Amino acid sequence: MKIVVGLGSIDEYIKFAEAGADEFFCGYVPYSWSQKYGTVLPLNRREVLCYNVQLGAFSELEILSGMMKKYEKPVHLTFNSLYYIPEQYPEIAGIISQCMKIGFHSYIIADPALMVYLRENGINCEIHLSGECGEINSQMVASLVKMRLKRVIFHRKNTFEDMKAVVDKCGKKDGTEGVPEFEAFVLNEMCQFTGAFCNSLHCDEMGYLCRVSYWLGTVRNGDAVPEKIMALQEQAWNQEPDLKAYDESGYLCGETGCGLCALYQLKQAGITHLKLVGRGNYVDHMEKDIRNLRKALEILDAAENEREFQCELKRTVFPAGCSGRCYYQ
């Protein structure tokens, strides 16, 4: 399985490549787009300018293109909005065509209408079905295979059974049309929402809805049941990681979401790529994430069974304990 890492700026590319990343993804939002549409009609649903989340200048892409040629680690550009207004489709097609000329051939896309538009207009870029699209079953993915998908990125809420069903039905088989690659989330930014059903904005002007404090509980006749809320909240408190699990710099692998223990089952399900998110995260923490994920994959390759893998992983990567915030429980 290959490691796919989020880039917040071009300065991170070399550091992350040397740490062990195989591929990268990043957003590109031209300033002209931001001027014209602001944050309410986003290109990427990450319209952030105050810190490193997006690339905003074509000159940065040109520099990044040169790095790609030297290090041979591809970068996929993201277009994660769930939909666009009609006038935006030709503009996006123009942006993609311009980027393809300097070596960016793969694009993470959430809007099926944009996929159709690109294919109908002869833009033969590689398309990765974004996890924001919210693929919910194998039939949905099968209906999009005609768009010549290069990869399916599973959203955060999939089970191993869901993923395996999609891989078995839609995976590329000898002599048949299908999807050759499948990607799943493995580290950071676990979210209580499913991207396909989230209409919040990620921008500078307001706090992200996914970071607003919330309570989990049972609703009965329109009223929250207090005893259920308290029990669930107490359970959440009990899952807080031990401070001893952090290193001297305040780093803990998988602090905001972790799927390392699930690597064995992800491999069995047919996952070929692992998404390590964290655009805007501390660079040194991301480097450590990459090295820990690489170490976990080495342990996976050497293990004879799942139990052996998990025991060695906990001994090597989490000797003082983990965050307990599991992607796949």
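# Cysteines, a covered strand and helix packing

Cys-258 is buried, with a relative accessible area of 12%; buried denotes a relative accessible area under 20%, exposed one over 50%, and partly exposed the range in between (1.4 Å probe, protein chains only). The structure is a predicted model, in which local features need pLDDT of at least 70 and side-chain atom pairs count only at pLDDT 80 or more, while totals for chains, interfaces and linings use all residues. Residues are numbered from 1 along each chain as its sequence is written, and side-chain values use heavy atoms, with hydrogens and water left out.

A disulfide is counted when two cysteine sulfur atoms lie within 2.5 Å. By this rule, the model contains zero disulfides.

|---|---|---|---|

Helices (H or I, at least four residues) and strands (E, at least two) are DSSP runs numbered from the N terminus. Strand E11 spans residues 273-276 and is covered on both faces. His-273 and Lys-275 are buried on one side, and Leu-274 and Leu-276 are buried on the other. In general, the side chains of a regular strand alternate between the two faces of the sheet.

Strands are taken as paired if DSSP finds at least two bridges between them. E11 pairs in the parallel sense with strand E1 (residues 2-6) over four bridges, and Val-4 stands opposite Lys-275. Strand E8 (residues 181-187) also pairs with E11 in the parallel sense, over four bridges; here Ala-184 is opposite Leu-274.

Leu-276 of E11 is also among the contacts of Ile-290, where contact means heavy atoms within 4.5 Å. Ile-290 lies in helix H10 (residues 283-302) and is buried, with a relative accessible area of 0%. The C-alpha atoms of Ile-290 and Leu-187 are 9.5 Å apart, although 103 residues separate the two along the chain.

Helix H1 (residues 12-19) packs against helix H3 (residues 58-71) at an angle of about 20°, with their axes 10 Å apart. The two helices are therefore roughly parallel, a term for angles under 35 degrees. On the H1 side the contact is made by Tyr-13, Ile-14, Ala-17 and Glu-18, and on the H3 side by Leu-64, Met-67, Met-68 and Tyr-71.

Terms used: Axes fitted to C-alpha atoms, helices over the stretch in contact; angles between N-to-C directions. Parallel < 35°, antiparallel > 145°, perpendicular 65-115°, else oblique. Lists of a residue's contacts leave out its neighbours within four places in sequence.
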